[in-house]
Amino acid sequence: MIEQIRLIAAALAFFSAVIFGSAGIIGIFRYHDPYSKLQAGSLCGTTAVFSIFMGAIILSTDFAIGARIVILTFFFLISSPTGTHIIAGFAWNSGIEWKFEKEKDKPDKDSKTDNSDEFKKEDSI
């Protein structure tokens, strides 16, 4: 009975990994912006691999194997978002800009983004 519950829980974890992985692939092809593609692929990829690790922990028969999978999961959860952040930083520094899907989402070129003039006026008073 307990073995069947473990198998069902592991199957649910593996099935959720398939769902997250598929959502990441759809996000990569759906979005036009490279940063949105990177975010969709990274987030769904991380959760898919995490779900696979959880399924493997559920199926592990030995404490030592389960502990090793927990350590792998910990390092993966730290390294995957960090790697994505580094890639996004290099993309930003190389000049790759956001591509807006709709014209109304673009910021106005006439609007000021900083209030440096207002601060100068207040400081001089």
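1. Helix α3 (residues 63–93) has 31 residues and spans 45 Å from its first C-alpha to its last, close to the 45 Å expected at 1.5 Å a residue, the expected span being 1.5 Å times one less than the number of residues. Helices here are DSSP runs of H or I with at least four residues, numbered from the N terminus. Just after α3, Gly 95 takes a positive phi of about 100 degrees.

2. This is a predicted model, in which local features need pLDDT of at least 70 and side-chain atom pairs count only at pLDDT 80 or more, whereas totals for chains, interfaces and linings use all residues. Residues are numbered from 1 along each chain as its sequence is written, and side-chain values use heavy atoms, with hydrogens and water left out.

3. The axes of α2 (residues 34–59) and α3 come within 10 Å and cross at roughly 175 degrees, the axes being lines fitted to C-alpha atoms over the stretch in contact, with angles running from 0 to 180 degrees between N-to-C directions. The two helices are therefore roughly antiparallel, a term for angles over 145 degrees. The residues of their contact divide into 17 nonpolar, six polar and no charged.

4. In α3, Gly 66, Ile 69, Thr 73, Ser 80, Thr 84 and Ala 91 are buried (under 20% relative accessible area, 1.4 Å probe, protein chains only), and the buried residues of α3 pack against α2.

5. Ser 60, in the loop between α2 and α3, counts as buried because its relative accessibility is 18%. The side chain of Ser 60 reaches the backbone oxygen of Ile 57 at 2.8 Å. Leaving aside residues up to four places away in sequence, Ser 60 touches Arg 6, Ile 65 and Gly 66, contact meaning heavy atoms within 4.5 Å.

Conventions: Angles under 35 degrees count as roughly parallel, over 145 as roughly antiparallel, 65 to 115 as roughly perpendicular and the rest as oblique. Ala, Val, Leu, Ile, Met, Phe, Trp, Tyr, Cys and Pro count as nonpolar, Asp, Glu, Lys and Arg as charged, and the others, Gly among them, as polar. Buried means under 20% relative accessible area, exposed over 50%, partly exposed in between (1.4 Å probe, protein chains only). A polar contact is a pair of N or O atoms within 3.5 Å; within protein, one must be able to donate a hydrogen and the other to accept it, and residues adjacent in sequence count only if both atoms are side-chain atoms.
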